[in-house]
Amino acid sequence: CLAEFTINVEGFPPDATDEVKIRNFLREAFCTEALEVSVCYDYRMRRHRVHELLEKCLVHEDVRAGTYESSLTGGKDRRGGLGLSEQEREEVRSWLDPGNPEKLRNA
């Protein structure tokens, strides 16, 4: 279980979301190369939209895995609306764009 090998580091500025820079800082601080970083984002302002898009991804994967028959989704495939559209994918990418003043900040 990865939880047995994790630490929670707090105190970074809210706009510190560059995993490479954070990882390099921590590797130097802890004198080790044996660590990786995963930023926890504060998505509370977009909570409902994140959950909506996540549900679309889960339904798509459940159909692909055979949990549900595609006929239950109205026969929609990837092009027909099952999963995220390209516009929705672009929306999510914009949340992580460093040049976007509305980007997600770390939690």
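**Exercise 1. Determine which residues make up the largest nonpolar core.**

Solution. The model is predicted; local features need pLDDT of at least 70, side-chain atom pairs count only at pLDDT 80 or more, and totals for chains, interfaces and linings use all residues. Residues are numbered from 1 along each chain as its sequence is written, and side-chain values use heavy atoms, with hydrogens and water left out.

Step 1. A nonpolar core is a set of buried Ala, Val, Leu, Ile, Met, Phe, Trp, Tyr and Cys residues joined through side-chain atoms within 4.5 Å. Buried means under 20% relative accessible area, exposed over 50%, and partly exposed in between (1.4 Å probe, protein chains only).

Step 2. The largest such core has six residues: Ala16, Ile22, Leu26, Leu35, Val37 and Val39. A second, separate core has five residues, among them Val50, Leu53, Trp95 and Leu104.

Step 3. In soluble globular proteins, nonpolar side chains tend to be buried together.

**Exercise 2. Describe the surroundings of asparagine 106.**

Solution. Step 1. Asparagine 106 belongs to strand β2, residues 105-106. Helices (H or I, at least four residues) and strands (E, at least two) are DSSP runs, numbered from the N terminus.

Step 1. Asparagine 106 counts as buried because its relative accessible area is 14%.

Step 2. Apart from neighbours within four places in sequence, asparagine 106 has contacts (heavy atoms within 4.5 Å) that include Phe12, Pro13, Val39 and Tyr41. A polar atom of the asparagine 106 side chain lies 2.7 Å from the backbone oxygen of proline 13.

**Exercise 3. State where cysteine 31 is found and whether cysteine 31 is buried or exposed.**

Solution. Step 1. Cysteine 31 sits in the loop between α1 (19-30) and β1 (41-42).

Step 1. With a relative accessible area of 72%, cysteine 31 is exposed.

Step 2. Although not a glycine, cysteine 31 has a positive phi of about 55°. Most residues other than glycine have a negative phi.

**Exercise 4. Summarise the chain as a whole.**

Solution. Step 1. The secondary structure consists of three helices and two strands, in the order α-β-α-α-β from the N terminus.

Step 1. Of the 107 residues in the chain, 21% are buried.

Technical notes: Polar contact = N/O pair within 3.5 Å; in protein donor to acceptor, adjacent residues only side chain to side chain.
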